[in-house]
Amino acid sequence: MLKKMYFFLLVFGVVYAHDDVCQNDFQEHIVYWDKQAHNLEWFVPWHTTVTWQAPDAQWFLGGKINASYNCLDRHIKEGLSEKPALICRSEYGKDEIYTYGKLYEEVCKFALGLKKIGVKKGEFVALYMPMVAEAVVALLACARIGAPHMVIFGGIGSDGIYDRLKESKARYIITVDGTKRRGRVLTHKATIDKALSVGNNCVEKVIIVNKLGLSLSLNESRDIWYRDLLIHDAYACDPEWMDAEDLLFMLYTSGSTGKPKGILHSTGGYLVGVYTTFAMAFDIKSDDIFWSTSDIGWITGHSYAVYAPLLYGITTVLYDGAPDYPDKDCFWKLIEDYKITLFYTAPTAIRMFIKWGNEHIEKHDISSLRLLGSVGETINPEVWKWYDTVIGGGRCPIIDTWFQTETGCFVIAPIPGVTTLKPGSATRPLPGYDVAILDEQGNEVDKGFLAIKGPFPSMLRGIFGDYDRYKKTYWSKWDGRYYYTGDEAIRDANGYIWINGRLDDVLKISGHRIGCAEVENVVVEHPAVAEAVAVGIDDAIKGTELVVFVVLKEHTYTKDIENIIKYKVSSGIGVYARPLHVIVVDQFPKNHSGKIMRRLLRDLIAGKPLGDLTTLENPYVLDIIKECYDRVNVRGIETIDFPLFI
Ligand code: PRX
């Protein structure tokens, strides 16, 4: 073994300490990623490409790099100061354009301000912001001074903010006074105040960007205006030389347990992964104008609305508003106005556009588009074809990208001009990944668990504060040899991969990831609730809708309990998790040992065959539950909320 290690160290600059993964494939991938890493600018080159002792990977050891430097300074040096970096449109203000020069200056000024108030390298800075230029400034300023950012999605309520601030012990949070959706004011700062009013957090400073000019009640010792923090000195703020493995950010996502997990991403590996996959899957040209509709609060927003386009020196578009305001053509108008070339969105949004009708699109010239992307859930072939014909005019490749918060960047996606597309399939793994479909025992099968063999640069480095959960969730199913994705997939005869969806109790609602256990946890906190079960049902637009069944404690039924529980889920998790129905029942179907048979609840409301009922202790409840569901499930007026993009 020792001999083998030295061999790798000498030849590839790799230390590899796991016997079981096929060495040849792995070597090839390492050589590939090593080569890709040279596309970024490092202050100090790495001496070791990877060390791997499952579940711990370290990439580009010895290398020193800075994300903000690679997104800004590098392009300035190449004379791109005047090139637009950000095009920002909102439903309430004038468009703003930040050139690379302006973005660089603003980032430096803000980074100096953060330092002045005491932000230290290595400590989390929280953000609770909509898709505005200052959010990008804040990310890059944190990256510049080496403070990992932790973005809390703007749809998350005060309880969710409280939990994240408490766990991360963040001392600083950056927010806005508010933003607007369809003319309605959303008050970010007030939500932060509510979260902080509970106490039990470490927040010392709240930095507020004044977007709407709302009159706020400020806490003199704690609250600071963003504009007052900018340091206007002419000198720039030197970027920190970060170790490749230093954290760039933490981002919470849902899993199969009741608690969201803080996914940790390193600097070097993440940047290499994001840069490489962006260039490969979107065939980037230097004059591209790229628009990802994803919110900055999700991984797609981090990786492909901000980091990838800026690393590449192209222009990225931020849109802060609803897709139907002031009119249902506002997206197509934006594409026409700025001659956007690459458009990247989620199937849930495309289904909504289809529903609204082609007339909104036909009003605009969107012929500047040359490539279309899809992410977050499987795009069904009919939707794919509509996207291709109506938006792409039949000339734009559809790039269906599969990845996760944990992988940081694309793993499966077509390469334009190389991969023959098949509507509904994300096609094949990109170079650098060894993707497998496995059964429980780790044998390769045509239909089974989607898995990734061995480590890859942009993979998560852990779950904040819970090493065991990291190891158990992702690397224990096949003894550290494969990364467990949680998805089921099929590989067809041509080697194409078709994603069937999650195998755990994680739902995708309008592309947002929500854990059933997380919802149940919040619901049972209500004093009237004895037990709760959350399940998903199919929905034509959102993909999945959430239905929550509750059994109440005796004599606790109150009128409106259903709405109270819906509200509790919205504020505890986020508006995107608001259940379609809350249904009060007397009992749940249980097996002989008293375990709730959630599968039956799911199949019952979906109208699917219930299969084997021999282990069911109380079969008589099924009809009663179905009756309760049918009574509630009468959709009168259309109540579908517009998706908040993933
Ligand atoms: O189930 C897969 C689905 O989204 C999950 C990851 O969710 P999240 O971490 O929120 O990241 C979403 C944006 C990358 C996956 O486990 N998923 C993601 N992309 C696709 C997909 N399902 C099918 N096709 C995709 N292209």
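1. Let's start with R513. This arginine is buried, because its relative accessible area is 10% and the cut-off for buried is under 20%. You'll find R513 in strand β28, which covers residues 512–515. Keep in mind as you look around that this is a predicted model.

2. Now for the ligand itself.

3. Have a look at some individual atom pairs here. A polar backbone atom of T401 sits 2.7 Å from a nitrogen atom of the ligand. Q404 uses its side chain instead: a polar atom there is 2.9 Å from an oxygen atom of the ligand. In D487, an N or O atom of the side chain is 2.9 Å from an oxygen atom of the ligand. How much of the ligand does the protein bury? On its own the ligand would expose 540 Å², and 96% of that is buried by the protein.

4. Next, the largest nonpolar core, which has 118 residues. The members that touch the most others are L103, F110, F282, Y307 and L310. Helix α5 (residues 133–145) gives this core its largest share, 11 residues. Domain 1 (2–64) and domain 2 (67–88 + 95–240) each contribute at least three residues to the core.

5. A handy rule while you trace: an α-helix has 3.6 residues a turn, so residues three or four places apart point the same way. Just after α11 comes K339, with a positive phi of about 50°.

6. Two prolines deserve a click. The peptide bond from A54 to P55 is cis, with omega near 5°, and P55 belongs to the loop between β2 (48–53) and β3 (56–61). The bond from Y325 to P326 is cis too, also with omega near 5°. P326 is in the loop between β18 (315–320) and α11.

7. F60 has phi near 60° and lies in strand β3. N200 has phi near 55° and sits in the loop between α7 (188–197) and β12 (205–209). Are they buried or exposed? F60 is buried, with a relative accessible area of 0%, whereas N200 is exposed at 52%.

8. A346 is in the loop between β19 (342–345) and α12 (347–356), and it is buried, with a relative accessible area of 1%. Its C-alpha atom is 8.2 Å from that of I379, 33 residues apart along the chain. P84 is in strand β5 (residues 84–90) and is partly exposed, with a relative accessible area of 29%. The C-alpha atoms of P84 and K102 are 9.0 Å apart, with 18 residues of separation along the chain.

Key. Residues are numbered from 1 along each chain as its sequence is written. This is a predicted model: local features need pLDDT of at least 70, side-chain atom pairs count only at pLDDT 80 or more; totals for chains, interfaces and linings use all residues. Side-chain values use heavy atoms; hydrogens and water are left out. A polar contact is a pair of N or O atoms within 3.5 Å; within protein, one must be able to donate a hydrogen and the other to accept it, and residues adjacent in sequence count only if both atoms are side-chain atoms. Accessible areas come from the Shrake-Rupley method with a 1.4 Å probe; for residues, only the protein chains shown count as cover. Helices (H or I, at least four residues) and strands (E, at least two) are DSSP runs, numbered from the N terminus. A nonpolar core is a set of buried Ala, Val, Leu, Ile, Met, Phe, Trp, Tyr and Cys residues joined through side-chain atoms within 4.5 Å. Buried means under 20% relative accessible area, exposed over 50%, partly exposed in between (1.4 Å probe, protein chains only). Domain bounds come from an automatic or database domain assignment.
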